[in-house]
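Have the viewer open and follow along.

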Amino acid sequence: MRIMRIFGHLETILATLLIGGFLSATLARLAPGFSADEQELDFRLSAESIRQIRESHAQQRNILHFYFNYLKRAIHGDLGTSRSLGQPVRQLIADRLPITVRLCGLGLLVGWTVGLALAIAVVMAQVRVLDVFAAGLAGTFLSLPAAVLALLFVYFNAPASLAISLIVFPKLFSFSRNLLAQSYGLPHIITARAKGLGSARIFGWHVLPVAGPQMLALAGVSVSMALGAAIPVEALCGIPGIGQLAWQAALGRDLSLLVTVTVLVTVVTLAANTGSDLAMDMFRGQQA
Amino acid sequence: MKRRSILAFLIFVLVATRVLSYAQSGDELRFYLRSDPKTFNPLLVADDASETIRYLTGGVLVRVNRQTQQLQPELATAWKLSKDGKSISFNLREHVYFSDGTPFSAQDVAYTVQHLMDPAVHSPTGDSFRSGSGEVRTDVPSPNRITISFPAPVAGMDKLFDHVAVLSSRSPKQEMAVLGPFYVADYKSGSYVLLKRNPNYWKRDSAGRQLPYLNSIRMDIQSNRDIEALRFRRGEIDLVNSLDSEYYDRLASTSAKLLHDAGPSLDSEQMWFNQVGNAPIPAYKKEWFRSTNFRRAISLGINRADLCRVVFALHARPAVGPVSPANKFWFNTKLQPQSFDPASALRLLQHDGFRREGSTLRDRDGHPVEFSIITNSGNKYRERMTTMIQLDLGNLGIHVNVVTLDFPSLIERITQSFNYEAALLGLVNDDLDPNAQMNVWLSSAENHQWNPSQKSPETNWEAEIDRLMRAQASAIDPNKRKSYFDRVQEIAVEQVPFIYLVNKNALSGISASVEGATPIVLRPQTYWNVEWLNKPR
Amino acid sequence: MSGLQKFACWTLAAIVLGGIAVSIIVPADYTVQFRETPNAAPTHQHLLGTDELGRDRLARVLYGTRISLLLAPAAAFLSTLMAALIGVVSGYLGSWCERLALAVTDLVLSLPWLFLMLAVRAVLPLNVSPLTSVVTTFLLLGLLGWAASARVLCTGTRILRNSDFILQARASGLHGFRLLAVHVIPNLKPVLYAQFLISVPVFILSEANLGILGLGVAEPLPSWGSLLRELEGWGGFSTEPWKLAPMLLLILVVSCFQVILAREEVSA
């Protein structure tokens, strides 16, 4: 049964990937500036050269044709060549993916640790001042522009993964705090507290199982949050990761690169969310 | 015994020389590139980062000395232009080798020129030489002599070779084998480009020491100027080639001695109105924009002194016309900066039937005068200038909408869809010779921004500019060319197709550890004499 | 309502009032450029100094309140509503509806919506009124910002769907919208509140970043997001701390929302 569910998920993942790649190509194609090239403003170029530059974009105008060819090549491992960087997309992804994985991985680890620890402390301590302080802290980092955060980290030579964790932790804290607080306020928890059951036991045995499934869903979604945070942090700090590549691809209307990066992000998002769904199933199965 | 002494002496000399050269040789120069280079092929260079690589690695026949603005010999020891301006002959330096050891000869120059002028390549550098249709001929009478012949006269031909980096016709490394002071040793996309000293570089100093002094140049890729300024202040990079005025002033509080203001650069910021006949904008607006009085009035209504003071903190000067005063030979000294005169602006507008009703200016048909100015987002100086212009023109009763767009969207509007009303952009000028701007001034050209690709000139003054530009392109005598181009500048100021706003100053920063640097106006401002720079340990 | 919550309400009211009564509080108009004194430090004439074009910063911060404090919460409400609709309905219906909704959610999280924003900018006329531009911006943000919490809500609804009290309610004859509105959604309020609270500052900052695409608030209209971009220059806030005013105001507003929406069981 579980294996059937996994296969079901894989089918959904594949269909979503194909649709996602096509939609991203379509969005890019329909957006203004698709066929424009910065080189057209180079006044040294002759009319013939400018015409040639414009025609070179013509191959990508028919989006169905482009996507079909892209998939055909992708099956053989050829992801095309980046128009803006002049290098094979496969090589670019291979070089940059480990950097972003490290960055986001560390960022999520620290973000979850801080966010969850703060949420647990607030809920279990039941002290208003702590709640207000934590809310203020989360609010501060939510209100700080990513550019300022990135600059501060460069200024203090701090690792960029911490910048990602500071972008992600306020959101994780807000959701976690509310979910845990809701569970903590359930009647049977109040009864247990009244009967003198220890805080740790209450939290581990009664609060966490109730909030667990939604926290797992949040864990899956937090991967998207980290990837989203990686784009401005990498772009601003000059870190050669997937986030920076995505930003360059978007601004340069680099279709091959854009579709590949979107598919990659979709794969990661789907994998994370599917993983959390499966974990939830196992968790609830164990509970039953 | 005697043999041992001689041997010991020789060893001592060898070691001493090595130690001496080690002590005197430079370390690594570090600065930032603002984007990835798009190509390492010098013939295809079209972006700043690639141009930087080309300048540092490419060997050229002649070089425009960035300080004196005069031509000086490089790989060519002598050259001669033909009387008809169609051909040029070079005598080449002997015993010169590429970075991989391949010998250099006239054959390599011929190979380079043939590739450069190949229509299929569409090289911006090659297009600069294209003055007429027909084949380019290269004659190689001997290994160190070459004559290059073009189908039509090429104005300022000799100076154009400053941009032509010679490729090897024989090296298996192709464009990666170079004749310049450095070669590309390593490149990591999004991260850095590492150049190392060319062991076969031909140039030597007066003491016979091989140049360059520096061992290597490391250029990290960083687009964020805040981070660049921060790292320069901390000494983590050695120079900032083109510093913004805001960072200049911020750095001045702690590192004033490291900063240099070389005065007005060749670059200008300007605004223009869309005069394209089939542009998708209302007909009454097209009528405004095509009126010379309207354009002159707008120009008079803009306070350029304020732009220089507020936006650029006085690190800019009000622009006079198409040529910056930094271009010593070509600048028309008779031209004066446009004054700020709202009263005259209103008079000119009234002449065209505009009238002020309360706080709104209306045209003769009662339409309120309102238009948008587009500029590229992310450039805070242009955003600020546009906001200041919005207020200035607001005082005339004109409502201006400021629209910042991402660059591809902006380019599409001004080159393809023509769906815009006014635009504010800058002109980055690397070339002193106005012939480089042929495609801006000719009415039939693609970069004739306000109304490109005209089948025939739509106004008399554009026809006159066409005639003058063609005349200067075919003239050989520099003074005659100057007289033609002076008149082009005068017409540009009279008819105001471009409203020239400011000429920014060339600002740069150089670490005290770098010896031999003399920042100037022409690009590259700080490392134009890179082979002479040193960072002694 | 606790004392702290009352204080938070009054603070929010005061900020909103400040935005409405800006012309009384600050004589200088937010568009006037005092070009002789750009980037000036606070004086009696300009209590928060002036910006890079010599405009009174306090006037711009207070005027920006109108836009940011009105539209960002509205967009946050919209995104929360959409998250609730999509997440709750799909979680309740289950089966293929839930799978489809989750797949769509994952797509929304992955796609480069930058291009949709660009397309919207292209469709809007260049001379669009600043109000239309800013309303469109926040509308787009609201329509695209629901995906993350929709997933969490879907999971929560799925769990509640099979809980005892829901089964009892259904057995009693309660179905459809009434069941969702009376029994399901109230139990999902923590996630909804969190979604709303996070979205307010995120949308304010996003609006500023959308200026890159030609959307957002156009000059000379100020917004907190565009004012926060002043902080992007390094060292600007260490030597000119008055530039932190819009950020401090935003933190204050977010904290007030947090306090007002806090659950009673957390209050001591």
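P220(C) sits in the loop between α10 (189–209) and α11 (224–228) of chain C. The peptide bond that joins E219(C) to P220(C) is cis, with omega at about 5°. Keep in mind that this is a predicted model, so treat that geometry as computed.

Chain B has a cis bond as well: the one from R523(B) to P524(B), with omega near -5°. P524(B) turns up in the segment after β20 (498–510) of chain B. Another backbone detail to check in chain B is H122(B), which has a positive phi of about 55° although it is not a glycine. H122(B) belongs to the loop between α3 and α4 (124–129) of chain B.

**Two helical chains**

What does the secondary structure of chain C come to? It comes to 13 helices and zero strands. From the N terminus on, the elements run α-α-α-α-α-α-α-α-α-α-α-α-α. The C-alpha atoms of chain C fill a box of roughly 75 × 50 × 30 Å along the principal axes.

Chain A has eleven helices and zero strands, and along the sequence its pattern reads α-α-α-α-α-α-α-α-α-α-α. For chain A, the C-alpha box along the principal axes is roughly 85 × 50 × 30 Å.

**A helix pair inside chain A**

Two packed helices are described by the angle between their axes and the distance between the axes. Take α6 (residues 146–155) and α7 (residues 160–184) of chain A: their axes come within 9 Å and cross at roughly 145°. The crossing of α6(A) past α7(A) is right-handed. Which residues meet there? On α6(A) they are A146(A), L149(A) and F153(A), and on α7(A) they are L162(A), A163(A), L166(A) and I167(A). Sorted by class, this contact has seven nonpolar residues, with no polar and no charged ones.

**Where chain A meets chain C**

How many residues does each chain bring to this contact? Chain A brings 57 residues and chain C brings 59. Together they bury about 5000 Å², of which carbon and sulfur atoms give 72%. L27(A), R128(A) and F175(A) supply 13% of the area that chain A buries against chain C, more than any other three residues.

As for polar pairing, the interface of chain A and chain C has five residue pairs in polar contact, both partners at pLDDT 80 or more. The salt-bridge count between chain A and chain C is one, and the pair is D277(A) with R151(C). Several helices of chain A each supply at least two residues of the side that touches chain C, including α1 (2–30), α5 (128–143), α9 (199–237) and α11 (255–287). Also among them are α6 and α7, the two helices whose crossing is described above. By class, the side of chain A that touches chain C has 29 nonpolar, 20 polar and eight charged residues.

**Where chain C meets chain B**

Here 23 residues of chain C are in contact with 34 residues of chain B. The area these two chains bury between them is about 2400 Å², 53% of it on carbon and sulfur atoms. Three salt bridges are counted between chain C and chain B, and one of the salt bridges pairs R35(C) with D392(B). The side of chain C that touches chain B divides into ten nonpolar, six polar and seven charged residues. Nine residue pairs, both partners at pLDDT 80 or more, are in polar contact between chain C and chain B.

**Salt bridges across the model**

Side chains of opposite charge can pair when their charged atoms come close. How many salt bridges does a search of the whole structure find? Over all chains, the search finds 56. Here are a few of the pairs.

| Salt bridge | N to O distance |
|---|---|
| R35(C) and D392(B) | 2.9 Å |
| D277(A) and R151(C) | 3.5 Å |
| D108(B) and R170(B) | 4.0 Å |

Methods
Residues are numbered from 1 along each chain as its sequence is written. Chains are lettered from A and ligands numbered from 1 in the order in which they are written. This is a predicted model: local features need pLDDT of at least 70, side-chain atom pairs count only at pLDDT 80 or more; totals for chains, interfaces and linings use all residues. Side-chain values use heavy atoms; hydrogens and water are left out. Contact means heavy atoms within 4.5 Å. Buried area is the accessible area (1.4 Å probe) that two parts lose on being put together, summed over both. A salt bridge is a side-chain nitrogen of Lys or Arg within 4 Å of a carboxyl oxygen of Asp or Glu. A polar contact is a pair of N or O atoms within 3.5 Å; within protein, one must be able to donate a hydrogen and the other to accept it, and residues adjacent in sequence count only if both atoms are side-chain atoms. Ala, Val, Leu, Ile, Met, Phe, Trp, Tyr, Cys and Pro count as nonpolar, Asp, Glu, Lys and Arg as charged, and the others, Gly among them, as polar. Axes are lines fitted to C-alpha atoms, for helices over the stretch in contact, and angles run from 0 to 180 degrees between N-to-C directions. Helices (H or I, at least four residues) and strands (E, at least two) are DSSP runs, numbered from the N terminus. A crossing is left-handed if the near helix is turned anticlockwise from the far one by less than a right angle, and right-handed if clockwise.
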